[in-house]
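Hi,

Here is the structure I said I'd pass along.

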Amino acid sequence: MGMSTLKKILLGAFDYKTEKYVIAESKKVGILYRVIQLCIIGYLIGWVFVTKKGYQAVEESIQSSVMTKVKGVVSINSSDTGFSMWGPEDYVIPPHGDANLFITTNFIETPNQKLDNCAESFKVLDGRCSDDDDCPPGEAVTAGHGIKTGRCLKKDRNDTGTCEIHGWCPVERSQKSNVPQLGKAENFTIYIKNFIRFPRFSFSKSNVLETQDMNYLQRCNYDESVHPYCPIFRLGDIINKTGHRFQDMAQAVSILFVSV
């Protein structure tokens, strides 16, 4: 019995089989058959491939980083404080390395400030007073510059005075110069490095040009025709690309977004 079964299996391996087709000469059946075929093909092409992009592999854990670094120095010769030198550690906030930064281009200078008692600015409404009762000691001046000491300082008995405060004296000046203090900041350079990695595909890319020249980044500035792959940008050139003048933007507060 066992040998007979084994013999049938071995002989069956060499059998040749053909399929038998039945042709139904019916238009209704033929149309239904083609409609089903078209629905399946339409589903595959329209939904699977076009809409869901089933032929693509998607990276779910993309690793990316953006690093910035500002370089440049500028000197200021002020009639109040004299000569001073500003570097990145003075005008860049937050420190280097973050994906965003703040560059100081203008500031209000109040020389010789120290912790002391002095009159509050008359422009501060909460600092105005008629007598000492309007200046309760220990109370902070709303939108002011210090703590009230309890004294009302007046030039004349009938005038409206200002409360004496304890804080940084003299109080901060409110007027701004007509020219930005750090107007030469347009010559500062910003190094922008972008790195992205796709672990699933073992692929990584950076915007820094791969070159054997070790001194390339020390002498290049971005230029569309000469150095299109240099990641070092002149601050003034970035502002010019927006259609504005750097000196105008440096005078006031400006926010610039760079898409990498």
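The link of Cys-129 and Cys-152 is right-handed, with 90° about the S-S bond. It ties together distant parts of the chain: Cys-129 sits in strand 7 (residues 128–129) and Cys-152 in strand 8 (residues 146–153), 23 residues apart. The S to S distance in this disulfide is 2.0 Å. Both ends are tucked away: Cys-129 is buried, with a relative accessible area of 2%, and Cys-152 is buried as well, at 12%. Before you read on, please keep in mind that this is a predicted model.

Cys-135 is joined to Cys-163, with 1.9 Å from S to S. This pair also connects distant parts of the chain, 28 residues apart: Cys-135 is in the loop between strand 7 and strand 8, while Cys-163 belongs to strand 9 (residues 161–169). The torsion about the S-S bond is about -80°, so this disulfide is left-handed. As for accessibility, Cys-135 comes out at 0% and counts as buried, and Cys-163 is likewise buried at 0%.

Then there is the disulfide between Cys-220 and Cys-230, where the S to S distance is 2.1 Å. With 75° about the S-S bond, the link of Cys-220 and Cys-230 is right-handed. The two cysteines are ten residues apart, and each is in the loop between helix 4 (216–219) and strand 12 (232–234). Cys-220 and Cys-230 are both buried.

If you want the overall pattern for your notes, number the bonded cysteines in sequence order and the pairing reads 1-6, 2-4, 3-5, 7-8.

Away from the cysteines, I also had a look at Phe-83. You'll find Phe-83 in strand 3, which covers residues 82–86. Is this side chain's residue, Phe-83, buried or exposed? The relative accessibility of Phe-83 is 57%, and the cut-off for exposed is over 50%, so Phe-83 counts as exposed. Leaving out residues up to four places away in sequence, Phe-83 touches Ser-75, Ile-76 and Asn-77. Ala-24 is another matter: Ala-24 and Phe-83 are 59 residues apart along the chain, and their C-alpha atoms are separated by 101 Å.

Happy to go through any of this with you.

Cheers

How values were computed:
Residues are numbered from 1 along each chain as its sequence is written. This is a predicted model: local features need pLDDT of at least 70, side-chain atom pairs count only at pLDDT 80 or more; totals for chains, interfaces and linings use all residues. Side-chain values use heavy atoms; hydrogens and water are left out. Helices (H or I, at least four residues) and strands (E, at least two) are DSSP runs, numbered from the N terminus. Buried means under 20% relative accessible area, exposed over 50%, partly exposed in between (1.4 Å probe, protein chains only). Contact means heavy atoms within 4.5 Å. A disulfide is a pair of cysteine sulfur atoms within 2.5 Å.
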